[in-house]
Amino acid sequence: MPTVVLMDVSLSMTRPVSLDQGSEEFQRKNLAVAGLTMLFEHMATNYRLEFTSLVAFSSLWELLVPFTRDYNTLQEALSNLEDYDKTCLEAALHGVSNVVQQEWGHACPTQVVLVTDGSLGIGAGSLRHSLQTLKPRPEDKKFPLPFPFPAKLFVMCIATMEELQVTDSMDNLEKLLQLNGGDGQIFTMEGQLCLKSVQSMFGRLIDAAYTPFHAVLHCGNLASDVQVFPRPEPVFLDEEVDPLPRHVLTDLEIVGFIEIGDISSPPVTSRHLVLPIAVNKEVDDVGTGTTEEMEEETTANQQAGKAPNFCVLLHGSLKVEGMVALVMVGPEWYGMLYSQADSKKKSNLMMSLFEPGAEPLPWLGKMSQLGPISDAPENPYGEDDSRSPFPLQPQAKRSYAQNVTVWIKASGLQTDVQKILRNARKLPEKTQTFYKELNRLRKAALAFGFWELLKGVAELLERECTLLPDTAHPDAAFQLSHAAQQLKLASTGDSQYAAFDHNINPMHTDFSGGGAGM
């Protein structure tokens, strides 16, 4: 999950901070730089594979450092910040949107860290003016929030809550978060404006968004300490009345392996990078994720700690065999581990999380019922791997595979009624077709609770019966009267006559004996 740091370099950030007498004079910009230095040092140690970019803004915005893993470059850019003019946050947010889309597109989740003193700017271009003019805007001048990509917005205010509440700054910043979908948080400094307070504030940001997720990956008797990037977020199930958050456990259990072709392209909730934690006795660091660097690190670990790393073995095996590992991340919650190549020479071990549930991929069936090939009476893939047991065929026929009657427009209903009347005028030759169309309309009307339609069609059939010519076959009158009577009974809603699975059958007649009967 890449991070964009949006640094306010307007004149208001140069305001001096009142510290104890005799101490060095600080500006709010100095406190912001100290907090970001703390954040970058933390990421350099715990988030070495994450990409970070630095954007500075005042009335204009400037990309100081493109997305990089080199935190020394970011630190150097921080130390060389210059001071500019007034604050214009809307233009800066447009800049963030452009920078992220050019590098990552529309689908990559991103974290935006806005560092400012809470000053909204003055006049046109100020945040206050931008929020007041949200509605009457043309399409090409829309406000940049919500971002066109998944994003969390963290606002780091080099100011206390009391300072922000004196004006309407806090209300406007909260409105900013709401425009982005509410995903993010506003942090303010507690107590006196000093280095200790700013470090405490950025520490809270680290706890909320940049805490490493450590876990143990198990496969039978093998295990490996791993770190997952980005940290998996809790998941809420919409179908639950009072949903509780579902968390990924710190014990990840591999339950089996399956070919990539069988897993296909499954729907996933999130994707994460899985890295082995070094086993060196003297150094506790994070692997880089690339095959060559993992192997180099493992070699160094073997020399120092004499302990191979199962995670590296798993990564190489999945890459060579073209398979994925199904992993249980919680109760009735599964994901998959697989090798993904960034380039021809570099590949990473990735984990994608499925929707929670016992059957997240319908074509595989229930995950708990999958088993090894050795337990099957015969190889489900065939002797030469020429076939596959997937996808599983559902026992019940899906509704979208049936000929379902749908009336979206009045013309569709009129067509179905006219079809019945045309067949009614050709009785008895069209008896089977007449009853087939009649039963199709009857079932649809019962499914929709359209009782008036059944009564109306019954009246139409009775009218057709009275309009039969003298030369008409006598059987036509009997069939029309019988069909009309059955539709009227069904229109009452009585379960005896309105059963959905019941069909109206043709009336049996015998004209040779001069009578008729059921």
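Helix 12 and helix 13 are roughly antiparallel to each other (a term for angles over 145 degrees), because their axes cross at roughly 150°. The axes, lines fitted to C-alpha atoms over the stretch in contact, with angles from 0 to 180 degrees between N-to-C directions, come within 8 Å. The model is predicted, with pLDDT of at least 70 needed for local features and 80 or more for side-chain atom pairs, while totals for chains, interfaces and linings use all residues. Residues are numbered from 1 along each chain as its sequence is written, and side-chain values use heavy atoms, leaving out hydrogens and water.

Contact (heavy atoms within 4.5 Å) involves Phe434, Leu438, Leu441, Arg442, Ala445 and Leu446 of helix 12, which meet Trp451, Leu453, Leu454, Val457 and Leu461 of helix 13.

Turning to the aromatic rings, the whole structure holds 9 aromatic pairs, counted when ring centres of Phe, Tyr and Trp (its six-membered ring) lie within 6.5 Å. Phe40 and Tyr71 make a tilted pair, 6.2 Å centre to centre with 45° between the planes; planes under 30 degrees apart count as stacked, over 60 as edge-to-face and the rest as tilted. This pair joins helix 1 (residues 28–46) to helix 2 (residues 71–79), its partners being 31 residues apart. Phe40 is buried at 1% relative accessible area (buried means under 20%, with a 1.4 Å probe and protein chains only), and Tyr71 is buried at 7%. Phe147 and Phe149 are stacked, at 5.1 Å and 15°.

Definitions and conventions
Helix = DSSP H or I, 4+ residues; strand = E, 2+ residues; numbered from the N terminus. Parallel < 35°, antiparallel > 145°, perpendicular 65-115°, else oblique. Buried < 20%, exposed > 50% of the residue type's maximum accessible area, 1.4 Å probe, protein only.
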